[in-house]
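Hi there,

Here is the structure I promised to pass along. Have a look at it first, and my notes follow below.

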Amino acid sequence: MTNLLNLKPGEKGFVLRVEAEMGLKRRLRDIGFINGAEVMLLHSSPSGDPRAYKIKGAVIALRNIDAKNIIIRKKSDNYG
């Protein structure tokens, strides 16, 4: 297990849970960060924050402070 910040560009993972206050947790769920959803890091901004992720066909920019609260399992960890 790790969080979104540990993905490298092109790496994929599966959402396990979101550890955030209820308002942020609800917003993240609404845009697709739900248990089992596949997420991929597309790229980072020049400063490294925010970073762009692809989830459920959409590209979402997340600040690192929010991404660190999304717990994932990297695809290579147990899915080859």
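To judge the overall size, I took the radius of gyration over C-alpha atoms, with a globule rule of 2.2 Å times the number of residues to the power 0.38. Please keep in mind that this is a predicted model. With 80 residues, that rule puts a compact globule near 12 Å, and the chain comes out at 11 Å, so the two agree. Along the principal axes, the C-alpha atoms fill a box of roughly 35 × 30 × 20 Å.

On the fold: there are 3 helices and 6 strands, and from the N terminus they follow the order β-β-α-β-β-β-α-β-α. Among contacts with a separation of 6 or more, 59% join residues 24 or more positions apart. Of the 80 residues, 39% count as buried. The chain exposes about 4600 Å², with 50% of that supplied by carbon and sulfur atoms.

Now the charges. I count 15 positive and 8 negative side chains, and the centres of the two sets lie 2 Å apart. The structure holds 4 salt bridges, including these:

- K75 and E38 meet at 3.3 Å, N to O. This pair links distant parts of the chain, with K75 in helix α3 and E38 in strand β3, 37 residues apart. K75 is partly exposed at 28% relative accessibility, and E38 is partly exposed at 33%.
- R63 and D66 have their closest N and O atoms 3.0 Å apart. D66 counts as buried because its relative accessibility is 12%, under the 20% cut-off, whereas R63 is partly exposed at 49%.
- R17 and E19 meet at 2.7 Å, N to O.

Best wishes

Technical notes: Residues are numbered from 1 along each chain as its sequence is written. This is a predicted model: local features need pLDDT of at least 70, side-chain atom pairs count only at pLDDT 80 or more; totals for chains, interfaces and linings use all residues. Side-chain values use heavy atoms; hydrogens and water are left out. Helices (H or I, at least four residues) and strands (E, at least two) are DSSP runs, numbered from the N terminus. Buried means under 20% relative accessible area, exposed over 50%, partly exposed in between (1.4 Å probe, protein chains only). Contact means heavy atoms within 4.5 Å. Accessible areas come from the Shrake-Rupley method with a 1.4 Å probe; for residues, only the protein chains shown count as cover. Lys and Arg count as positive and Asp and Glu as negative; His and the chain ends are not counted. The place of a charge is taken as NZ of Lys, CZ of Arg, CG of Asp or CD of Glu. A salt bridge is a side-chain nitrogen of Lys or Arg within 4 Å of a carboxyl oxygen of Asp or Glu.
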